Structure formats: structure tokens, C-alpha cells
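Dear colleague,

Please find below the structure that I am handing over to you, together with its sequence. My notes on what was found in it follow directly after.

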Amino acid sequence: MKKMIVIWLSSLLLAACSSSVTDPEMVGTYPEIYPDYIGVTIPVNIAPMDFDLPGDNYDRVDVLVKGCEGKEIHVKGKDILFPENEWHRLLAANEGDSIVVTVSIQQNGKWKQFRPFPMFVSPYRMDYGVVYRKIAPGYEVYSKMGIYERDLSSFTERPLIENTLVPGMCLNCHSFNRTNPDFLSIHFRGSHGATLMQVNGKNELLNTKTDSTLSACVYPYWHPTGKYIAYSVNNTRQGFHAVKDERIEVLDFESDVLVYKPDTHELLLSPLLQKKESFETFPAFSPDGRTLYFCSAESKEIPAHYKDIRYNLCKIAFDPDNGMFGEKIDTLVNAEKMKKSISFPRPSYDGKYLMFTLSDYGNFSIWHKEADLWILDLRDGSLRELKEVNSVDTESFHNWSANSHWFVFSSRRDDGLYTRLYFACIDDKGRISKPFMLPQEHPFSYYDNLIYSYNVPDFVNRPIELEHKSLGERLLSSERVNVNVR
Amino acid sequence: MNLSVEKIGKTGLTLLLAITAFVFWNNYYPAHLLYHEQYQLFLFDGAYLWERLSVPEGFADYIAEFLTQFYYHPWMGALILSFLLTAIQLLCWALVKKFGTLYIYYPLSFIPVFVLWHYLADENAMLSLAVAILIVLIAGNLYFLIKNTRLRLIYALGCIPVLYWLAGTIVYVFIGWVVLSILIEAYRTRTYFSPLFCSLGLIAWGILIPLVTAYFLQYPLLRLLRGLEYYRFPEVFPNIIYAIGLLLVLIPVVSSLFPLWNKRIGVIIEVVLVACWGYNYVKSGCDFSKEESMKYDWMVREKQWNEIIRMAESKTPTSPYSVTCLNLALGMTGQMGDRMFEFYQNGTEGLLAKYQRDFTSPLPTSEAFYYLGMINTAQRFTFEAMEAIPNFRKSTRCFKRLAETNLINGQYQVAAKYLHALSKTLFYKDWAEETLGYLGNEKKINAHPEWGWLRKARYTEDFLFSDREMDMMLGLLYQHNYQNKLAFEYLLAYVMQQRDIDKFMRYYPLGAHSDYDHIPKHYQELLVYVWTQTHNSWKGMPWSIYPDVMRDIMDFAKIFSTQSNAREYLKQRYGQTYWNYLLLN
């Protein structure tokens, strides 16, 4: 009797598992999937693009992923989770082509099949991973936060540094040299504040505040040779809006740009970048290392005229042989004239483009809903909005992949507050693909449960070597290397 | 002492402990339970469980948080604490017995419980320590149930990492029992080498585990060696925790050395001594002024405005925290202008306190901002308070309020995020699910008595918040919607608290837009004060002032100007007037 029951149950289970899509009602529309992966371009080495159907109540789902080449993937059940190895094999077989995803759902015993949608598999690979800070989108106080490294070909995320390591520690900007983590700078704030400078495995903790500079070093950008790193120094405060669609205003009362030389512990200053009558911030070196881009605005009375402060995109020559700056500042994009303001300039590593964020005013576009990504073609000086990737909400911080064919950016488009990471491809002709959100297993519940924003995303070409235990002990100590002004 | 008397006595003492603990937490310390409950967000969710279990002590912490959610109803919290303390006492005695202690020393098993109770009376002491003690006591008792020496050792070796992970550094208590029992046995059998080797090995094993953990988890080694979640502040590790650990280890061993003496008198003396000491020690750990403040805060959460005023009438609150709650209650019941100075006032800090970077003080102020209609500021204070929770937990109370502020502001997707989380809780689920039905439904929100009104009250013209210009912001709020009488009362109260009579006189006429049937008493007091400064008679006074107010100011002025030593008399007679605040404080 017992045996009979087991056989009966097993056959029932087998029948349930193997039930395929039979006689489905064909629906002419795409399924409403989360995240929106319909028609996106993905790199061959991306993690499985699992998705959910949060708007549909269904008993079972059946997803078939096919390419022109390779073995199809067939997922059945409640969740849409593609097996990692099969996924990578399918993408590899269809590199430079596309895959088609057919979604069917079973409701009350009847199948419904949606219009199949494509994903385009780019011929350009993406870097090994992306590094970001996760922090609650708060005001002045911070709770748990950390800098994390995500392997883009899987769902593995590992913490590099979390603020549980040192009580009261705030983790700030991190930077790598053109995705190379051999050159690493991370700024820590709090009573144990320091700037971590790690070059080719050797690291030291710096005290970058001097009597001649406004603050400790803030926004970093490596020189392509790794011999220098540019920083801004900022006297920053926050303001808080009163009306419903606004939250925070981050204001620089003063700011300058400088360059640090790690091997001599020297800060290199230029009077042109230290002017009282203007605010300079967000430095970035050109790929050849001979130009330093930055944002500059005429200083105005704050808070009375904070909405009139608008940053232009400027540049100054830099000689990497002797660390000397040029004699004049050129304005590349006069945003002031457009009644706009530029932040986060990021030149592509192939020297073709410079991407930046454009908002109505100020420099901290992260809290500006109107902030969008724009691109300057450095070859012909043409400027355009990246309509392919922008949304009605904030698009802000961004960085390029090593091959300059991908860029990652943070966006508040999902819910208006919690920033998420998106990736988009730019091909040889400058065509930009529809962006896709950083893949997760069970993405809807993952992002819905997540109480952190993603900040300061940057690609890395391999896992970062950073030993947290000794770093934590050293941060707790008073060991700091002072920097000097040359 | 025969067996039944012994049993009755022991049961009676334990029962007394259980009842006393319940009565204490339920009747005398309930606001502390509510305080704990609001600073966590226990979710029935696999990811939440996994997050807790991925760190040492996480299991005890998870169980503690699970239990703490029931503090939502203080009687449930009192029951849980009573059960925990009683279980710890019983398990402690069971372990003490294993060391051969005589039954007349039963009262000694209450000592660690009283110390723990004292500790738990601290509002930042986490329940995880009690749960961890319970776990380690179970493990310790199981150890002594094993008779085979080798099996015991294997059990202990296996138990140490498991206990460290489940219950944290309380594992050292377990190691203490095991080592002491081995050494006692060694002393008895006069064989030292092997027991000493085993003892040292166990101690080294116990130290090695946190050392290894430090390579994988991002916590300072000291915290991994001391404990992660026993106290709300990660940098703080109260010495009392060491004391509890030491008592748990030493009481079984030391009490086993005590002799058998006069049973009845001995036990009575012991009971009296332990009870007296326990009472005083627990009492010394209690802070009833904080309990009072927490109660005010809780009543604000529950919108028990009249209860707040009744409580203040019996004993006027003095801390800015409580005064903020009282003033809000007065404002919400329309009594602010009439009664505010009947109670102790500590300036604008008791009205709309400046933001402090902590997790408690911004909350009553955020409540005031919320009811005023300063939704963004209420949201900021709430968010900041939550982010300032030292052990990085989230807060049910804050999530609830953030869902409301986002809903009022039309940020439905953000509101949904908080509501989805609250849907995974036990006591906020129904509210969250009901509120989800409001998202995107403008008509329904606008028809809601609270949210609909706050939508009308909030600012529509943008500016940057400035706590140095609070009166300006309150004025703008009132001018935006003249039905917002609370904003007007806060505006006048704010400048009155600042003793800024010029501003009061400038803002007072704005009250014409509100439906006052009389001039509130404190406004009258200020108006007649101003009048008497510039006029010799009441003739031509443009306000309807109560005759007794006019009479009182004359008497007050007469005494104030002629009697230099009448300060105390005036305070006594006019202590509930604005003149007292203005001139005598």
C-alpha cells in the first residue's frame, strides 16, 4: 500500500514538473517583466538575466531562451532562474547576435504566451566586476554601509570594506586606475578618518588635510600612469528642501582641485585651480594624461543664490613628466549659457568621448530629479543628451569599462529614491543601447527588500586584493602619513 | 527540611520571581519595552534570518528580536521577560546542582538573575544576552548529563564553535564550567597532566574561534572577543556583562564548597539577604525618569493626547523630550495658547528641538513636524533617527512614519517599499496591507482625515530648511493654509518661548484668520503685559481680555515692582502664567 502511494505521488509530481505549454492563448504584447530586460544589449560575460513577473498572478511560468546557436534554456516552475553555466554557454554561442525569450504563464490551468522578446549579445565584453558603495539614501547620519565588489558574471558580491570594521567610520569615494585595482584610493571619514592609497599591493593611510588646502581630499581620479591622482577639496554642507518632490541640496561653499603624487607624498597645486572667485571640483584626467578636466562655477552667495551656481566643463594642461599645470583654463562646455550645470565628467578610456551629468544647477546632481547623462564627442566637439538611457528621474554617477564600450551609471528611475545600477553599451559608431539593471536572483524581491542605494559605481578588471583585518587595525591606530604641498 | 517543604519552598521562590518580574515589567517599566520594540524591524523573511545567522551571536539575536516584537503589547513583553528570567534561574540551579551544591543554597541561583534583571533595566541592554545565557545554560546542563568523559570532551569541543556562533561570547561561561569541572575532577583524582592539557586546549579553542572569525567578518577583533549584540552601542561593553558571566561560572563552583549548616534559619537568612539585595540592586538599575519620558513618547505614537495632558497634570514633565510631547498634545487638543505655561517649559527645545545626531531625541520632534504639516522635515528627522540607531537596526516606528510621509508626498513606490517590509511583521502587517490600498489613489488619500489634511497643510513653495528661522517657516506654513491652527499656535508659542515680544506682536494679528472664540489665556497675558508697559489705563485696549487676567497683571506688577524679595511668592501665585516664564525664570 505504502509503495503504491509513493508511486502515485511520484507520478503526480513528475506530471506536474513536466507539464509543458499546451495550446496557449497568444498575447500580442511583451510580458511585464522586472527589471525591464526587453530589447536590452548585454555583454557575453554577464550573469544570468533572471527576471520576475510582479504584476501577474500565475500558477506556473515557462520561459524558453533560444539563440541561433547553442543549446536553449528552458525554465519551468514558479521562479525564473537561469542556470549559470547554461546561460554562459548560450551567450557565448550567440556573441554578437541575439537571444529570444519566450514567456508563458499558466493561470487557472490555462496557458498564456506573451510576445517573445530579444536580448542582444554584444561583441564587446564587460570587465570582471563592478565596485560600488551601498548606503541608505539618508541625510547626514549614516547607518551600516560598505564598499562591495560584484562579479558581473555571477551573483557573487563580496564586501571590501564595511563600516562595522571601525566604529563610526564613513566610507567615501573609491577610485581605480582605468579599472585596474592595483591603483586604489578610498577615503574614510569619522574620528578614524584617512585616505587609503594602495599602489601595486603596498598601501598607506594618508592624512590629506593640510593648512594650505580646504579639506581632506574628496573626489579622486587617477592619472593613467598611476603616478598621480587628482582630487577635489571641498567645503560641503547640506540643505533640506521643504516641498514634496525635493529632498536634499548638497552645496559646496568652497572647492578647489589639486593633484597628489603618491611616491613623494606631495600635493601639486595650481593658482588657476585654487581661485577664491570660483568653485572647482570633479577632476578627471584625459586618457593620454596631458589634460585635466574639471567642473568650475563662479562662486555665489550661499544659500541665497545657490540655484544660480552652475558649473562649466573646463580643462587645463598637465605635464606628467614634471607634474606642472598649464597656464590657462579652457572652457569645453559652457553649461552656464545653457542655464545648466555639469558634474562628474568622465572621459572614455579610448579618448573618444566625455560623459557627464547635466542638471539645472549645483554640482551634486545625485539629488536632482532633472539630472541626465550627456556625452561630448571629443573628436568633433559635438554634444548630445543620452536619451537612450535617461529617464524622468535622476541619472548621475557613471564610469566607463576598460574597453570604453560599456558604461555603468546610477539611476533613481525605479522608485525615485533608492539608486540602482544600470549598464549600457556604446558601439564603434556611437550608438547606445537600452540599459539594463544589475542582474540579481529574484530581482523584484531583492531590490524591493534592499534598503541601500548604490553609489559611485566603477568597473574593475579583476578581484581587488584588500586585507580588511589589518586595514581595520591600522585605521583604529593613529598611524597616518602626512602629505605636503609642493 | 523534608522533601515536600523543600519543593514547595523552591517552587514558591521561583514563582515569586516570575510574578515579581511580570508585575515589574508590566506595571512599572512597560515604556521601556515599547522603547525596545520601536528600534527593531523583525521580519518573517528568509533573507532576514540569513542576515542574522551570518554573524556570531546571530541566532540569539534573532530569537531576541523575535521575542522583542511582542513588546508591542507590554503585557506580552512582561510575560516573556518573566519566563526568560525564571527559566534562567531554574537552569542555573540545575547546573549549580551538578557541581554538588546543597539544596539549601537554592537562593544563590537567583543572584545571576537579579544581575541580569538590573542589566535589562538599561534601555540599551539587548535581550540577546538573556537568550544567549539561556542557550549556554542548556548547553552546560547537557554537558553534565553526559557521563562518559571522552564523550563529554568531544561534546565540549563541538559545542564551543557552535555556541560561539549561536550565542556569542557567552560561550566563555560554558568553557568556564567545563574547565572548572575538569580541574575539580583532577584535584579529586590527583591526576593533573591530562586535565590541564584539556583545559588549556579548550581555552585556546575558545579564543581561536573569534580570531579566525576576524579574518572573514568585518568586525574589530575586540568586538568579536567581547560580543557583538549584547548592547545597543557597539563601542560600549558594560562591565556588568563580565559580572554576569563570572557569577554564572563561579556560583556553581563556590557554592559547592559551602557546608551544610542550620537548614531552616540558614535558608531564611539566605532568602532574606538575596531578596533584599536583589530588590535594591534591580532598583538601582532602573531609571524611572527615562520610563516617564518613554511613556510620553509612546502616548504620542498612540495619539493619546488627553492622556498625555492628564499625566502632566499629575506631575509636570521637565525633560525637553517629554515637554515636546506634552506641547504637541496641548497643540493637538487646541489648548496650547491657554495652558502651555501651566507646565514647566524649557524654551524652544521643548517645542521643536534642534536636530541632534541620535536615535531618540529627533522622534518626538519629528512627530510635531508631522502634525504641523512640515512633511519633509518630519521625514528627515524620522529617517535620521533610524539611521542613528547604533546597532544599525531599522525601526518599525520609523518605517511606518516614512511610509506615511512618502504616501502624503506622493512617492508611492518608496512608500510601497516600507509597506512591503511592514507586511512581513506581526503587528504592523494589517496596517501596512490596508495602507497599500491607498497608494496611487489620490481620492482616497485626500479623503483620509489625517493624510488628506496634511496634504493641504504642507508647503507648496520651496525653500531650504533653517532651524534659525523656525518662526519664519511656521509663519509660511500658516500663511499657506490658515486652517492650520496648530502652525499658528506653534508660531506664537515659539516666539513666546524665545521671549521675543516684538515678533509675537507682529505675528499675533495673523490669528484673525483662525476661528478662535476667545483670545487664549497666555496670549492675553502677553498682550496685557505689553499694554501695561505703554499705557496707564485699560482704556482703548483693542483686545477682549478676561477681567481676572487684567486684575492679575495689576497685582503681579505691583508686587513685582515693589517687593524685591517676592520672587518665590510670585512664582507660587503666578507660576502658571506667561509672566512667570517671561520675568521669573
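A salt bridge here is a side-chain nitrogen of Lys or Arg within 4 Å of a carboxyl oxygen of Asp or Glu. This is a predicted model, in which local features need pLDDT of at least 70 and side-chain atom pairs count only at pLDDT 80 or more, while totals for chains, interfaces and linings use all residues. Residues are numbered from 1 along each chain as its sequence is written, chains are lettered from A and ligands numbered from 1 in the order in which they are written, and side-chain values use heavy atoms, with hydrogens and water left out.

Salt bridges

Over all chains, a search of the whole structure finds 48 salt bridges. In one of them, the side chains of K315(B) and E292(B) meet at 2.7 Å, N to O. This pair links distant parts of the chain, 23 residues apart: K315(B) is in the loop between α15 (305-314) and α16 (320-332) of chain B, and E292(B) is in helix α14 (residues 288-301) of chain B. Helices (H or I, at least four residues) and strands (E, at least two) are DSSP runs, numbered from the N terminus.

The interface of chain A and chain B

Between chain A and chain B the count of salt bridges is zero. The rule does find 28 residue pairs in polar contact across this interface, both residues being at pLDDT 80 or more. A polar contact is a pair of N or O atoms within 3.5 Å; within protein, one must be able to donate a hydrogen and the other to accept it, and residues adjacent in sequence count only if both atoms are side-chain atoms.

The side of chain A that touches chain B takes two or more residues from each of β10 (157-162), β16, β17, α3 (443-449) and α4 (468-476) of chain A. β10(A) gives the most, with four residues. By class, this side divides into 22 nonpolar, eight polar and 15 charged residues; Ala, Val, Leu, Ile, Met, Phe, Trp, Tyr, Cys and Pro count as nonpolar, Asp, Glu, Lys and Arg as charged, and the others, Gly among them, as polar.

In terms of contact (heavy atoms within 4.5 Å), 45 residues of chain A meet 39 residues of chain B. The two chains bury about 3,900 Å² between them, 54% of it on carbon and sulfur atoms. Buried area is the accessible area (1.4 Å probe) that two parts lose on being put together, summed over both. In chain A, the residues that lose the most area to chain B are Y139(A), V141(A) and K244(A), together 16% of what that side buries.

Cavities and a pocket

On a 1 Å grid over the protein atoms alone, a cavity is a set of points where a 1.4 Å probe fits but cannot get out, and a pocket is an open set with protein on both sides within 12 Å along at least five of seven lines; lining residues have an atom within 4 Å of a point. Grid points are joined across faces, edges and corners, and a volume is the space filled by probe spheres set on the points.

The structure holds 11 cavities of 30 Å³ or more. The largest cavity has about 160 Å³ of space. It is lined by 18 residues, of which S175(A), P220(A), Y221(A), R346(A) and F397(A) are the closest to its centre. β11(A) gives the most to this lining, with four residues.

The second largest pocket has a volume of about 1,000 Å³. Its lining has 39 residues, with R133(A), N172(A), R189(A), Q238(A) and F364(A) nearest the centre. By class, these are 21 nonpolar, 12 polar and six charged residues for the lining as a whole.

Backbone

The peptide bond from Y34(A) to P35(A) is cis, with omega near -5°.

With kind regards
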